[in-house]
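Please read the points with the structure open.

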Amino acid sequence: MTQLIDSRTPLLVDDPDWWRQAVVYQIYPRSFADATGDGIGDLRGIISRIDYLAALGIDAVWLSPFYPSALADGGYDVDDYRDVDPRIGTLEEFDAMAAALHEAGIRLIVDIVPNHSSNRHRWFREALASPPGSPARERYIFRDGRGEHGEIPPSDWTSVFGGPAWTRVEDGQWYLHTFAIEQPDWNWSHPEVREDFLTTLRFWADRGVDGFRVDDANLLAKDLSADPLPTAEELAAMPLDGTHPTTDRDEVQDIYAAWRAVFDEYTPPRTAVAEAWIESPERRARYASPASLGQAFNFDLLQADFDAAQFRRIVTDNLEQVTLSGSSNTWVLSNHDVVRHVTRYGLAPLKGRHAKQGIDWMLAGAPEDEIDRGLGERRARAATLFELALPGSAYLYQGEELGLHEVTDIPDEQRQDPAFWRSTPEERTQDGLGRDGTRVPLPWSRTGSSFGFGDGGSHLPQPAWFGELSVEAEEADPGSSLQMYRCALALRHELQGGEELVWDETLSTADVLAFERPGGWLSVTNFGAEPVDLPAGELLLASGPLDGDAAVGSRRLPGATTAWLRRSAL
Ligand code: GLC
């Protein structure tokens with residue numbers, strides 16, 4: 001085992017299970033804090049805000065891609081997996097950031113993007129400069145086209161961001177890109193590709209990185225041997241049972257077995273969490289197994305309405321699922337790919353948008369005048385306390401602690417998301433305007449050209465109302481969302497014990513969900529409209545004001561509110 005730089009404090013070194021119930025805060029580096037004043041967030045900006053992260057009470061930071069990139073897909077088009085984008089910082093600054101986070105007791109998870117590189121990656125350039133059939137092309141997925149002159153793509157598949165999934169190169173061959181044109185898919189059957197990723201994992205683990213978030217973890221292994229390839233329609237109809245040509249193939253686990261061996265070279269073992277939009281709990285459990293990545297995101301809450309029955313079913317199912325995998329639960333309400341939950345919950349009954357699973361759904365947006373902000377805020381706070389009382393780890397997305405809304409009115413010409421640029425106006429009416437609205441730089445102060453984000457403006461436009469939701473404004477307001485998150489995380493640290501959850505069947509109704517955690521920690525959420533009585537016990541925290549007079553012992557929990565109590569000892 002080699003470790004060049006391990007800045008983790010003794011406090012952080014020896015707990016192999018730290019991730020099981022950790023609160024992980026996702027930083028989208030370009031939009032967090034800009035210390036260099038070029039309008040783009042950077043590593044020095046993160047370093048300057050470590051006190052804020054420590055005061056929030058998180059256990060780990062997950063850093064979205066910070067690698068050199070043309071930003072065709074917000075950095076998920078990686079030019080070089082073992083370097084830092086000069087606009088974001090340097091490797092020395094990365095080391096300084098890791099050290100400062102560790103010093104503050106915060107662990108560091110980095111994003112790894114293994115399904116595709118960027119088209120500027122040295123191996124893709126080499127592939128383009130080499131003839132069809134050459135070894136350099138083998139690292140990616142090149143095919144001849146159909147038709148007399150090969151002018152028809154190898155299949156009619158469409159990319160996730162719209163348009164064809166194949167792009168033709170100068171000599172007439174086509175390459176596969178599941179996402180944007182600038183994101184050619186790797187050929188994971190190639191030993192050099194496999195080996196190079198192991199080198200990358202070691203590179204970051206040696207620098208003290210504690211874990212990895214694995215992008216599109218279910219897409220790496222592919223079997224494109226059929227000739228002709230199945231049509232898009234046939235592909236969509238194929239069962240997702242481990243034999244599908246492009247998605248969740250059984251042999252993807254061989255890749256992760258090799259990754260696990262690398263993780264286990266370290267003390268404590270490095271962790272990983274799979275981003276895998278997979279519906280079947282059994283199939284998802286494979287990624288969460290200790291022999292594989294160890295955790296897998298569960299996006300179920302994120303796709304649900306604010307609804308007691310849906311939330312209960314999701315919790316029950318996921319508790320069962322972790323018994324299959326031996327992992328812990330992962331809860332997510334927002335991330336950089338979806339409409340922020342405070343805004344989602346303000347969209348009266350979501351007009352069926354939520355019914356569209358996965359990738360299509362996550363692009364949905366809505367015009368400003370359709371959003372009931374007050375309702376969204378109450379529900380978001382209630383859902384957040386519900387989430388934070390659950391066993392397992394919670395993944396928070398930067399700005400959600402402020403109750404920051406989606407920015408829905410970014411002018412078209414300032415949008416960056418390929419999901420916007422590759423879709424037609426008709427598709428946008430259906431699927432929304434893309435993901436820029438959740439990636440607008442954070443407001444740190446009430447005023448100033450970029451609300452304290454940096455001196456050089458902001459790479460996506462911030463609306464005037466950002467000032468009211470800034471860190472400065474919320475620090476001064478005891479009832480703010482930020483204060484609620486701080487209290488909740490501090491309490492959670494204190495209360496969090498074993499991973500058991502017991503539903504309180506007396507308190508739970510069609511509109512109310514109540515559950516108890518070890519130590520008498522009770523969480524009660526009212527999903528309905530009418531207030532309900534709270535049981536006896538010490539009130540620890542509520543997501544909003546309660547009804548009734550506490551002095552005379554009457555406390556009622558209003559609709560769209562969660563309360564945490566400590567049950568009185570009998
Ligand atoms: C993942 C990322 C998303 C990105 C896509 C392609 O879904 O979360 O942001 O666009 O992969 O890398």
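The points below cover the basis of the model, the ligand site, the strands, the aromatic pairs and one arginine.

1. **Basis.** This is a predicted model; local features need pLDDT of at least 70, side-chain atom pairs count only at pLDDT 80 or more, and totals for chains, interfaces and linings use all residues. Residues are numbered from 1 along each chain as its sequence is written, and side-chain values use heavy atoms, with hydrogens and water left out.

2. **Ligand shell.** The ligand is surrounded by 14 residues. A residue counts as near if one of its heavy atoms lies within 4 Å. The closest are Asp 73, Asp 215, Asp 216, Glu 275 and Asp 337. By type, the shell has eight charged, three polar and three nonpolar residues. Here Asp, Glu, Lys and Arg are charged; Ala, Val, Leu, Ile, Met, Phe, Trp, Tyr, Cys and Pro are nonpolar; the others, Gly among them, are polar.

3. **Ligand oxygens.** Asp 73 places a polar side-chain atom 2.6 Å from a ligand oxygen. For Asp 215 the distance to a ligand oxygen is 2.9 Å. For His 336 it is 2.9 Å. Taken alone, the ligand exposes 310 Å², and the protein buries 100% of that. Accessible areas come from the Shrake-Rupley method with a 1.4 Å probe; for residues, only the protein chains shown count as cover.

4. Two strands pair if DSSP finds at least two bridges between them. E4 and E6 (residues 174-176) are joined by two bridges. Arg 143 has Trp 174 in E6 as its bridge partner.

5. **Strand E8.** Which residues cover the two faces of strand E8? Thr 271 and Val 273 lie on one side, Ala 272 and Ala 274 on the other, and all are buried. Buried means under 20% relative accessible area; exposed is over 50%, and partly exposed lies in between (1.4 Å probe, protein chains only). E8 pairs with E7 (residues 211-214) in the parallel sense over four bridges. Gly 211 stands opposite Thr 271. E8 also runs parallel to E9, with three bridges. There, Val 273 has Gln 295 as its bridge partner.

6. **Aromatic pairs.** The structure holds 43 aromatic pairs. Rings of Phe, Tyr and Trp (its six-membered ring) pair if their centres lie within 6.5 Å; planes under 30 degrees apart are stacked, over 60 edge-to-face, the rest tilted. Trp 62 and Phe 297 have ring centres 5.6 Å apart and planes at 35°, so this pair is tilted. They are 235 residues apart in the chain. Both are buried. Phe 386 and Phe 515 have centres 5.5 Å apart and planes at 90°, so this pair is edge-to-face. Phe 386 is in helix H14 and Phe 515 in strand E13, so the pair ties together parts 129 residues apart in sequence. Phe 386 has a relative accessible area of 0%, and Phe 515 has 0%.

7. **Arg 283.** This residue is found in helix H10 (residues 281-288). Arg 283 is buried, with a relative accessible area of 10%. Its side chain makes a polar contact of 2.8 Å with that of Asp 248. Another, of 2.8 Å, joins the side chains of Arg 283 and Asp 250. A polar contact is a pair of N or O atoms within 3.5 Å; within protein, one must be able to donate a hydrogen and the other to accept it, and residues adjacent in sequence count only if both atoms are side-chain atoms.
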